Every structure is written in structure tokens, then in C-alpha cells.
Amino acid sequence: MNPARESASHAIHLKNHLDGTVLSDTLHQQASSSGTECSISYCSGSVVRPDKASGLRSTPPSTSHDEETLLREAEDFIAQYYTSLKRKDSFAHFTRWEEVRNQIVSSGTYQLKETELAFGAKTAWRNAARCIGRMFWNQLQVFDGRFVRTSQEIFQMLCDHLRFATNNGNIRSTITLFPPSVPNTPDFRIWNSQLISYAGYGTQNGIIGDPQNKSFTQICLDFGWISPSNQHGKFDILPWVIQVAGQEPVLFDVPKDIIMEVNITHPELSFLSDMHLKWYAVPCISNMKLQIGGLKFPACAFNGWYMDTEIACRDLCDENRYNVLPTIAAKLGLDCSRSSTMWKEKAQTEMIVAVIHSYQKAGVVMIDHHKACELFEDHLRNETKIRGGCPADWVWIVPPSATNLTVLFHQEMLNYKLLPSFEYQENAWDLENNALFLGKGTGFPAIVVHGVLDGPSTRENGKKLTFKGLVRIIIAGLYIMRKCIKRRTRVLILYGSQSGRSRRFASKLAQLFRQVFNVRLVGMDEYDANELRFETIVLVVSSTFGNGDPPAMGEEFSQQLFDLKMASLAAGAKALRRSNSFTGSSLFPSLWEKEPTSEKGLRMRVFYSNISDALPGDLSPFLQTIHPALSTVFDIIRPSMVYTSDTSSGSSFSTPERSPQVNGATEWSPNSRPVRSAPAKLNPNYINEEFPMINTCFSVFGLGSSAYPKFCGFAAFVNNIFGDLGAERLMSFKTGDELSDQEKAFQQWQQEIFEICTRRFDVQIRKALQLPHGHVQMSTLWSPSKFRGTPVKRKLVELPDSINVLSPGSRNLSQLLGGLSSLHHKNVQGALCLEVRQLLQPDAGRQILLIRLDISRCENFSYEPGDHVLVFPSNSKDIVSQILDRCIWDLGELSPSAANPFDIMMQLEPAIEGSPASTEWMDHNRLPGPLSVRFALTYFLDIAQAPSQSFLLELAQVLDPKHIHDREKLLLIATDSTAYAGWIAESYPTLLDTLQQFSNIKCPVSLLLTQLPLLEARYYSVSSSRKAFPRELHITADVIVFGRNDASGFPRLGLCSKFWTALKPGDIVPCATRVANHFRLPTVITTPIMLIGPGTGIAPFRSFWQELGAESVTSKAPLDIVLYFGCRRPDVDDFYAGELENAVVCGGLRKVYKAYSREAGKGRVYVQDLLRQNAQDVYRQCVTMGGHIYICGDVRMVTGVQNALLKIFQQEGGISEAEAKEYLVKMTEENRFHEDVFGLNSNEDSSNGI
Ligand SMILES: Cc1cc2nc3c(=O)[nH]c(=O)nc-3n(C[C@H](O)[C@H](O)[C@H](O)COP(=O)(O)OP(=O)(O)OC[C@H]3O[C@@H](n4cnc5c(N)ncnc54)[C@H](O)[C@@H]3O)c2cc1C
Ligand SMILES: Cc1cc2nc3c(=O)[nH]c(=O)nc-3n(C[C@H](O)[C@H](O)[C@H](O)COP(=O)(O)O)c2cc1C
């Protein structure tokens, strides 16, 4: 850590002599010791380059590579980075620093992560004391070129940089970084001072062009470059001279199509147009060195946009530059004989007017110096508030024209150096190592290339392209093929998936985007939402679970999003308070000084589950119910933002209103990006604090089922909150309904978003990627002959069909448990089945089972009442064998002696490593190996659900075209959604059914291994208490029956249901536990509790009453706990009746209410009806006594119960519907309303949970 940081705060006061205000700078205490070159006896403030030549420095700054400096600067930088994430001293910070330190100690250097690199580059700009335009530091686009190895690759990246930055004149601040310095190795360098600059030819009649570039132009000419027009023009663009780590420099002409220039004209003075002056659009510095965390990047190119005076005063009017003032003055008829006629000022002012006019006319971003000064003054004040200061070099900051007329002239500034930083460095041609290449007539080997886009060319007058050079270009081409992916625009594809479908969709999306973007595919559980601010494009694919909740892997992510939202609200409110639009309120401090009080996790549920109905468009009453301060904040913030008029978008946390379904896709709100309504002064830091994702574009696709009331609720939440955090919505929110052609909706979104991204980021799409009608081709994921199976090294191990892996003594059990653990990131253990008990009478017409598991040998395996157990069922061996009978082996030669290749333990590998095809196979490692095909099909892959349309398309690939009829039918259901839906509804086909139906298919095993969905765990509520059964875990499981009987006449059972029915005592059940914080009993029970759980919804309550029964033996006060249970008839399916009676006797429950839906001679009664009958007691327990409600079971039952409760609150409390809803929200906020939703049960009567 920089010791200066710990020193006592010493402020330096900086006065503005215009208005008398004073800024106090304390940030200078963090200045680097290798700062400015001023001393106690002199000020070197006006020295342009305080280097060896100026006598101010004996060595160039920071050239040392000593480990101690590197460690110190790296540590300081990593701390800055985590401070920026508000996670300083967190575990993540600590771990990262350890990693960096180890890398430095072992290798003498380290690698920055991409997000650190982006932060470092932005901060270097923020710290650049001489730059007036850095208030937009946080919007810098960073391209990472650290991987490049050849000059051609650098050339390509620089082309991309210019193309991106130019953006048709709507300039984007951009930086591209190339490999950092490595100790004892020559650096990568770009010799040009700017990417676009004009040649200056020394002739007998003086210099033609830009005199500033005379030396460099001569070097280029010596290297064999000839100007584009083959003569000396005034505005010839210089070629790029690119040098790779000490190799000979290579010259590239800058492709014309990426250069944007502006002809200078004047709104009134036509002679100025006749002077044929012009200038380029993008000022892009390319000869400075960037320092981040002790690492040095000597080759980098960065640009902002122009301020008028840089061109109008300096470039065109300086005497040692284009020096056009005398000409203009003469044309204006000014008296140039004496300086006192002010002819220079007058002419220069016209030049400024001309430049501003020309850039405006050409639609190229430019800022005038007065505006720039105002913004910078604002930036100074703001930085002083946020950071304690802002280093600024007055000499450079104050513009060269009208100095005292700008606000900055009167502002005192403090110049000091902070790290990360941009540094001057020696001209590349002055480096000792390069002398070799500069000697004339030495057969200098530099290559002149006309731009790789056009292919290499030789020059008649210039040096010929050498054979060596040509070979290098070819090799470089291969490099480019492999490496160019990394320098493409970054796309983060984030998925949240419970049962694997979103993950599969996200993989497809990644496959498509990989063709032209640099893609990262990441699960929400592995991503830190705080890093979103560094992303360029984020595409989210997520499902919704529970009742509008995130899938389990998205829980932490959604909490982080919520925290970001809170921080941004607070930042907005603070900024408004600072800008005096707020006069003060006692509510405010409580908002940003402490978080809303509710328990973590719970808050999220409030936001995207329960509020939706209450708040279609307006946030404030909704926020009011959550935290009184928030709605006040929002009211104050809102006037400063313009939300689109569509109230369904905005900042609403509600689920989308579904418009009539079009192929399963749901159109939702348009862009709800908050736009600041022209604040008096543009204050970028204010925006960025408030809108941390301002630099990020995004789109969200939600997977869900319209059978659930909160359709795609979680994805809608993500979509809304990204917009609220300032991210730019690339297209409106799209959803795919599992009940209405989800896959097609996804494909449509995928195509559209791909087209939008390629357009938006200027990506050239190869022709092969386009369908004739301009649609992006939906290629299938799989293609034949791309994989091989490599047998495990020592010997061929066969795992024949007969072995029962799920038996305690099995050799392969630990492999299975380990495999499942790594596949699902869970601690999967083998629990021993003690008993499978039928809970219903034989004539009940269905089955509910009590499964008792012995968990005493499971490691780190514990649970509390209310938690879940994840069960990993396996597929029937018989079905797997039948499938294998219809498969062919396509994984290469294993061994001639292999009896049955399907049983050989092998490692699946892509056949052609590194080929473009294999890059598309990001999933090939998804199965934990080594394994046999049979093993994979039995335990890791889902063969029970109906094959998806894309899988069918892949199957169609392997069906011999001569089976025309089959192929047509297969293609029809694979591509036509109605035909597909009909096929599923008619036959409920599994993989085996499909292979039997299309019996001519010989299915390659690689297709199955790579394309079948993973076999996902099934969730069950723990149905026992460890207080009652210390060594056991119980499950109360419904046996799910769906569809018609199968081909053999047996009922179709759900996969896990089938697994349960085949389970015997002594078998092993692979399972893991999952904490369900939201469904736990209060630690101390002081208020009434209502448990509502019809059917198997009773499962978790069994763990409650067992727990409470065990406790109540020792407690004195009777507990006011009632249970509402529902079943069909008391004589057939009132399971647990005995236990319930016992629980009442033991004091675990006060009373049990039972609803029978099919009792002979009586009408249908459901738990909702009982609640209504007991309305007064319900009201007393929930409202008067402030008690808890727990509801568990099918989602439709949960919704029915919620509605019944709302009616009771209205009726008994005499309140409106909205107030009743608010009360439910309040209960949730107070952690008194708990739901555990099973999903949609296919069994009959399930909508009522029985
Ligand atoms: C948090 C939580 C807790 C739960 N707790 C319990 C509990 O304690 N007790 C309990 O009984 N349940 C509980 N459930 C529900 C339980 O997880 C599901 O009922 C169980 O996953 C069903 O699994 P299955 O493998 O038998 O059915 P699956 O094989 O998953 O089938 C489910 C449905 O998919 C469809 N389907 C499957 N294959 C096909 C096909 N080939 N063609 C067409 N459609 C098909 C059918 O509609 C079928 O009903 C809980 C669920 C959750 C989320
Ligand atoms: C227990 C459960 C709860 C669900 N809750 C919702 C819900 O509230 N809203 C919704 O739109 N879909 C809901 N769904 C449907 C899933 O989102 C849908 O099946 C999705 O396609 C699953 O995608 P995944 O495999 O990526 O997780 C639920 C499904 C289950 C099994």
C-alpha cells in the first residue's frame, strides 16, 4: 500500500479567483514519488517533456522492472480496483492479491484480468493531469490486444480501433492495448505519434505538409514508403510503423475506408473553403506508454475527440505547423505590418469559427473550448468531492485562445502524478536497438504493406516485399485466424438456469456470437454483478423459478443487482442533494448511511415476486412499502430523468404484461434506459455513480411458463434493473413460453440480437453466416466426425451393464458422486435407502411415498427443517441398453479387443483441436470423464424428456436421405412449432420413443454425449427433523404420472418418480442439500404460525412438527400453530393422519384443518375454502397477532391461497384490495410470508395441491 495513503490528511486549498470558491485537495497525498520534475527551487511546469533531453530526468520514468516496485504498484492498483467495486479488504480482494503476488514472485510479472485492465486504462485517463477532456474517463472503451504476436495482428486491431472510434463521426473514446513490457525483452511499439497524422516532406522550398512530422515522414520514406498520390501532398496520411518486440518494423498504409476527414469551410468566408484545408476526425495518440499496477504498455493507442483550438489554433495556425494565419489575414485584408493591429487574433478567431462549423456540418463530435472549460471546472469540483482532488496541469489545461475568458484561467490547480498513468516515452526510432533498422542503404528489411485487407503488395519504387516478409505474413495470417477472436468486441452471455434449458440456449447463442465476437459464457453463480460496469455487451438468458424467483444459480446475482440498484438510487439522491435541488430531509441520511433493514434474500423476493400486481407502472407507493425513504428518493430523482412514457417498462419491477402471443414470443416494453433530461451542467461522474452500467449494452431473454402467474418474472427483473442502472437496451425484452414454442421465440431473439449487435458494433459478417434472405443461419450445434474417445491410459476398463453403481460397495460409486458434484457444483453424497413406504391406500389411484434415507455416512451433509434435498435420479438400465442398440460408435478406434465400445471408460475429445469447428464445441468437456457412453447415458444425461427441436434437427442430419418419408416428418417436427407441439401432446416421446419411431436412424454416440441435456436434480422438501431422526433424512414424494400409457401399456412416470418406484432398501440415492433460508421457522416462536400445504405440500411441515414436537417437550408455553392440509378422501389419501394427531397431542401443532375434495356426498372443499371459513382466526393470526404464513405446493394452489388471504384481509380489516396487497408485501418484507413452490404438478387436481 502506498504509505502516503496512510498519512494524515493535509489539504491544499485551490482558489477560483472568479467566484472566490475554494477547492481543498487531499488526493495529492497519494501522488506517486516519481511525479513532476519540479523542485523546491524551480518549477518545470512549462517543460513539455521533462526527460533526459530537457535535463530534468536522467532516465526515462519508471523503466525499472525491479520486483519490489512491481509488487508495491501491483498491490496498490489491486486495492484501487477493489475499492472501486466497494469491496476493498473483502475475501475476493484478498484472494486476488495473493494470486497476483504469487505470480510476481514466481514469474517476475503478472497478468491483469480484463476487468482490471479496463479499470486501469480508465483510471489512467482520469489521472491524466494535462487532459481537459477526461471527465468522460469512465466511458472509455477498452480493447484488449495483449495476446497479439505479429504486426499484422496489431494492424488489424488498429483498423478495428479506428473504425469503432470514428463511428461515423459520433466519436467514441477508445483505447487498444498491446502486449506489456517484459523484463529484458524489447518492447512492442507503434512508431507514429498519432494513428492519423499528415506527412511533412522536407523539400528545397520548405516543408510540404505538417512540419511536426518531418523526421518521422523521412523515416517512412527511407523505409520505402511512398505517398498515396505518389507526390508530396499537404495532407498525406502517414503509414503505420509497427514493431513487434525488437523485430524489424513493418509499414502499413492506413486503409482509406477507415479514415474520416473534415474539409474546413467557413459559414461566411468562402475563400477559406478555397484553401483546401482539412483535418482528421479522430485524434488518436499512439506513442505514449500506459502504466497499470506496475505493468507497462508501451504500445497502445487511445483517442477522445477534438477540442476546437487544438486544430484551429495549434495545428493549423502555429508558426511551426501549417501556419495559415498570414494567408487568412491577407484574404481578410488585415494590416499585418504590426502585431498591434491584432491581425493574428482576428484571423485565428475566423479559423476557430471555421473549424467548429466544419466539424458540425460533417457531423463529427467536437467541443468548443469554452464548453470544455466549463465541463472541466465542473469535473474538478466533482472529483474533489468524490476523490478529494484532481491532478491538473494549468499550463496544458487552459486553452490557447481566449484564455482569460474561460473559467479555468481563474482556477488554481495542483499538478501531481497518480498511478495508473500515461507516460511519455522515447521515440521508437531513437531507441538504441532500432539504430540497426535506420541505417540507410543497409538493405533495410522493412515491409511495406498496403493493408492486410487488400492483401500484401510490392512497390516498384519502394522496397520490395521480401520472401521472408511474405512468409511472415502468411504465418501471421494463421495467427490471426486463431487469435483475432480475442480482439473482437466482448460479449458476455450470462445464463440462469435450473433445469438446464437456459444453459443450453445460452450455449447456442454463444456458438453463434463466437463467429464474430469475443464471447464469454458464464453462469450467474460464477459472475460478480459488480463487474457489469466493465462489460461491453451483456446478453442474459434466464428462466424463472419458485413464484417469480430466480433459478437457484441466480439468487446471489439477483441480490447483487438489487444492491447495485440501491447504491445507484442513493448516489442519485446524493448527487441531487449536492446540486442543491434538494433542501434536506431527515429521511435521507437513513438511506445511504444504512441499508434497508430487511434480511438479505428476502428483499429480492419482495421486488420481483410479490409486488408485481400492486405496481404496474409507478414505483413510489411500492418503494414506500419496502422502505419509507426510498419512495422519497425516487420522487426526487424522477424529475431529473426522462423515462419512456410506456409505464410498463420504466423502473417497474413487475412482470411483463403479456401481449397476444406470437409464436411464443412476448413483446414487452421499449427501451426504458434512463436519460438525463439535459441537466444544467453535464456531470459525467454524477451519471456514472448513478448509472454504473452506462457503458454497457444489453438484451435479456426470459424462459418461463405462462402457466405461472409471474411469467418470466426474474428475467423481467433483470431487464428492468439493467435499464435502471443505465445500460443501453439493444432491443425490447423477449420471452419464450414453455407452453408456446419457446425454442422458436428464442431463435427469433437470437437472430435479431445478433443482427443488432453486428450492426451496432460495425462487425463485418462473413457471407457464409447469412441466409439468402438476410437471416442469420441457425446452424446446428453438432456435426459428425469431430470427436474421438481416448481410452483411459493404464488399461481398458469396462463398465458393463450388469454392474449396479448405486450399491454401497460399488467401485464406481465414488466416481459417480464425484462426477455429479463437479457437474452440478454441489456436494453430492450417497445416502442409503432405508425404506420406501407407500403412504396411500392401494385404491387411491396414485402413489405418494415416504422415503427414509440414512445420511450418517454422508460428509458435510446437514439440513434444517424447511431446507431442500436435491435428488439425482438415474435412467433405467434397460432403456439405456435399448437406446444403445440404436446407436453407432463414431468416436474412433478404441482397441481391437474392446468387446463393447459403449462400456469402455474413455475421455471424450474434440477431434481437431483448435480448428474453427472445435471452437464451437464449448460444451464438449461438460461431462466429467473418463466415463463410458453407458455410464453417461445412465447417470448424467436426460433421456426421458421429449427431445428438443434442435436435437431433432441434428437427428435429421444423420438420417439417411433415402428414407424420404421419415426425413420429411422429422424435419417437419424439428422446424414447425405446431407440428412439434402436436407430436409431443400425442405421444409424450422420450429419446427411445423417438429412435423407435424413426427407426432408420443410427444415432452417433457423439451426438448424444454432446447434445443431450444434462440430467438435472429433482428438488424435494426435507420431510424430517434431525431432532427426531438424527441419522436420517425423509422425503415425501409424489409419483408423477403424465400422458397416456406408454407403448408397453404402462403409465408414464416422471423420471425421478420412476426412480423412486424402483428404489429398494440398501440402494444408494445420490443427493445434496440446499439451504432454503426463506422457508425456515423463526428462531424464537412468539407469534402464531399458519402452515398451508395440501398434498405433498405437507412435506416440509412434517419437518416442522417433528422439530417443534421435540422442542415442545421442554417448552412450557403452548404454540399457536395451525396446519391446513388437503387431500381427496379421509379413507384413502389422508396420509400422515396418525402423525398429525400425535403432533397435536405433543404440542407441535395446535390444530389441523383438513379439506377433502372428493368425500362421498359432500362438495369439493380445498384449503382456500377452509381459510375463508376461518377468516376471523386467519386475520387474528396474521394481522392482529403479526404471525407467520407458510405455503407449500403447486404454484396454482399457492396463487389461490394468496387470493383467499387477500380477500380475508379486505373483509376482516375493512381495507381496499391495494391495501391488502400492500399488507402481504409488508409481511414478506418482515419475513412473515413464506412460499415454497413446487412447480406445476401433472397429477390431476394439482391446481389445488392434491
Ligand atoms: C423447491 C421444490 C420442492 C419440492 N418438494 C417436493 C416434495 O417435497 N415432494 C414432492 O413430491 N415434490 C416436490 N417437488 C416437486 C418435485 O421436484 C417434482 O414433482 C419432481 O421434480 C417431478 O420429477 P419427476 O422426475 O418425477 O418428473 P419429470 O420427469 O421431471 O417430469 C415432470 C413433467 O415433465 C413433463 N414430461 C416429462 N417427460 C416428458 C416427455 N417425454 N414428454 C412430454 N412431457 C414430459 C410432464 O409434464 C411431467 O409431469 C418440489 C419442487 C421444488 C421446486
Ligand atoms: C418449480 C418451478 C417453478 C417455476 N416458476 C415459474 C415462474 O414463476 N414463472 C415462470 O415464468 N416460469 C416458471 N417456471 C417454468 C420455468 O421457468 C421453465 O420451465 C423454464 O423453461 C426452465 O428453464 P431452465 O431449464 O433454464 O431452468 C417454473 C418451473 C418450475 C419447475
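**View 1. Ligand 2 and the residues around it.** Of the 24 residues around ligand 2, the ones that come nearest are Ser497, Ser499, Ser502, Cys712 and Glu738; a residue counts as near if one of its heavy atoms lies within 4 Å. Keep in mind that this is a predicted model, with local features needing pLDDT of at least 70, side-chain atom pairs counted only at pLDDT 80 or more, and totals for chains, interfaces and linings using all residues. Residues are numbered from 1 along each chain as its sequence is written, chains are lettered from A and ligands numbered from 1 in the order in which they are written, and side-chain values use heavy atoms, with hydrogens and water left out.

By class, the shell holds seven nonpolar, 14 polar and three charged residues. Here Ala, Val, Leu, Ile, Met, Phe, Trp, Tyr, Cys and Pro go down as nonpolar, Asp, Glu, Lys and Arg as charged, and the others, Gly among them, as polar. Helices (H or I, at least four residues) and strands (E, at least two) are DSSP runs, numbered from the N terminus.

**View 2. Backbone contacts to the oxygens of ligand 2.** Look for a backbone N or O atom of threonine 544, 2.7 Å from an oxygen atom of the ligand. Glycine 548 also brings a polar backbone atom to 2.8 Å from a ligand oxygen, and for serine 705 that distance is 3.1 Å. Taken alone, ligand 2 exposes 640 Å², and the protein buries 91% of that (Shrake-Rupley method, 1.4 Å probe).

View 3. Cysteine 712, one of the residues that come nearest to ligand 2, sits in the loop between S25 and helix H21 (713-724). Its phi is positive, about 50°, although this residue is not a glycine. Most residues other than glycine have a negative phi.

**View 4. A six-stranded open sheet.** The strand order is S35-S31-S39-S29-S30-S36, with antiparallel pairing; two strands pair if DSSP finds at least two bridges between them. Strand S35 (1018-1021) and strand S36 (1032-1038) are the edges, each pairing on one side only. Neighbouring strands are turned by 40° against each other on average, direction ignored. Seven bridges link strand S30 (848-854) to S36, and leucine 850 stands opposite threonine 1036 in S36. Helix H23 (813-824) lies across strand S29 (829-838) and strand S39 (1068-1074), at about 30° to S39. Contact means heavy atoms within 4.5 Å; axes are lines fitted to C-alpha atoms, for helices over the stretch in contact, and angles run from 0 to 180 degrees between N-to-C directions.

View 5. Strand S13 (289-292) is joined to S14 by three bridges, with isoleucine 292 partnered by leucine 295. Proline 420 is in the loop between helix H11 (394-397) and strand S18 (421-423), and the peptide bond from leucine 419 to proline 420 is cis, omega near -5°.

Methods
Polar contact = N/O pair within 3.5 Å; in protein donor to acceptor, adjacent residues only side chain to side chain.
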